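This report covers helix packing, salt bridges and a few single residues. Keep the sequence and the structure in view while reading.

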Amino acid sequence: MKEKTVCFTGHRHLPKGEALEKLKCNLISEINQALADGYDTFLFGSAEGFDLLCGEIIVQMKKIIPIQNPRKIKLIATIPYEEQAKDFSEENRERYYNLHAQCDDVVFISVQYHKDCYKNRNQYMVDHSSKVIAYYNGGVRSGTGQTIRMAEKQKLNIVNLY
């Protein structure tokens, strides 16, 4: 249900050290706020960097069920094409497959790579969400920027953690 769905978009390169820890804390805080606001479904694009981080945090949060307010959290991987992880580092490829095994659903946008498969993945996530949690540095030429522009056109609620 679009009204209760958040999608994540962000850069593949994340900060290191304290800056990464601060990003994680801010991300957890935003996810908790989304949950408090009634969101229960989270879409992520399965790319290295911010996407994998978001997916892993949602998996951790799915394991914590508050006694006073039990809820079901759904995580959906949105994959641009079937062999997306073939060029990932070995560590990230392992994270990718481990994470997908814990998702409630996996959506493949395309079987094979084609020039618009990432754009189509981004459009799918925006079309199925009402909120975006982003890690976006403002650069124009990026998939994250493209997703933000798509979300702005649809007047989605956008939170940028950059």
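Asn92 is buried, with a relative accessible area of 13%. Buried here means under 20% relative accessible area, exposed means over 50%, and partly exposed lies in between (1.4 Å probe, protein chains only). Asn92 sits in helix H3. Leaving aside residues up to four places away in sequence, Asn92 touches Glu48 and Leu52. Contact means heavy atoms within 4.5 Å. The C-alpha atom of Asn92 is 31 Å from that of Gly38, 54 residues apart along the chain.

The model is predicted: local features need pLDDT of at least 70, side-chain atom pairs count only at pLDDT 80 or more, and totals for chains, interfaces and linings use all residues. Residues are numbered from 1 along each chain as its sequence is written, and side-chain values use heavy atoms, with hydrogens and water left out.

**Helix packing**

Helices (H or I, at least four residues) and strands (E, at least two) are DSSP runs, numbered from the N terminus. Helix H2 spans residues 50-62 and helix H3 residues 90-101; they pack at an angle of about 40°, with their axes 10 Å apart. That makes H2 oblique to H3. Axes are lines fitted to C-alpha atoms, for helices over the stretch in contact, and angles run from 0 to 180 degrees between N-to-C directions. Angles under 35 degrees count as roughly parallel, over 145 as roughly antiparallel, 65 to 115 as roughly perpendicular, and the rest as oblique.

H2 and H3 cross in a left-handed sense. A crossing is left-handed if the near helix is turned anticlockwise from the far one by less than a right angle, and right-handed if clockwise. On the H2 side, the contact uses Leu52, Leu53, Gly55, Glu56 and Val59; on the H3 side, it uses Asn92, Arg95, Tyr96 and Leu99. By class, the residues of this H2 and H3 contact are 5 nonpolar, 2 polar and 2 charged. Ala, Val, Leu, Ile, Met, Phe, Trp, Tyr, Cys and Pro count as nonpolar; Asp, Glu, Lys and Arg count as charged; the others, Gly among them, count as polar.

H2 also meets H1. The axes of H1 and H2 come within 11 Å and cross at roughly 55°. That makes H1 oblique to H2. The crossing of H1 and H2 is right-handed. H1 brings Leu20, Leu23, Lys24, Leu27, Ile28, Ile31, Asn32 and Leu35 to the contact, and H2 brings Phe50, Leu53, Cys54, Ile57, Ile58 and Met61. The residues of this H1 and H2 contact are 12 nonpolar, 1 polar and 1 charged.

**Salt bridges**

Side chains of opposite charge can pair when their charged atoms come close. The structure holds 8 salt bridges. A salt bridge is a side-chain nitrogen of Lys or Arg within 4 Å of a carboxyl oxygen of Asp or Glu.

| Salt bridge | N to O distance |
|---|---|
| Lys24 and Glu21 | 3.6 Å |
| Asp104 and Lys62 | 2.5 Å |
| Lys86 and Asp87 | 3.5 Å |

Lys24 and Glu21 both lie in helix H1 (residues 17-36), 3 residues apart, about one turn of the helix. Lys24 is partly exposed at 27% relative accessibility. Glu21 is partly exposed at 42%.

Asp104 forms its salt bridge with Lys62. Asp104 lies in the loop between H3 and strand S4 (105-108) and Lys62 in helix H2, so the pair ties together parts that are 42 residues apart in sequence. Asp104 is partly exposed at 36%, and Lys62 is partly exposed at 22%. A network of salt bridges links Lys62, Lys72 and Asp104.

Which residues of helix H5 are buried? In H5 (residues 143-153), they are Thr144, Gly145, Thr147, Ile148, Met150 and Ala151. These buried residues pack against strand S1 (5-10), helix H4 (117-127), strand S5 (131-135) and strand S6 (157-160). Just after H5, Lys155 takes a positive phi of about 60°.

Gly139 is in the loop between S5 and H5. Gly139 is partly exposed, with a relative accessible area of 27%. Its C-alpha atom and that of Arg149, 10 residues apart along the chain, are separated by 11 Å.
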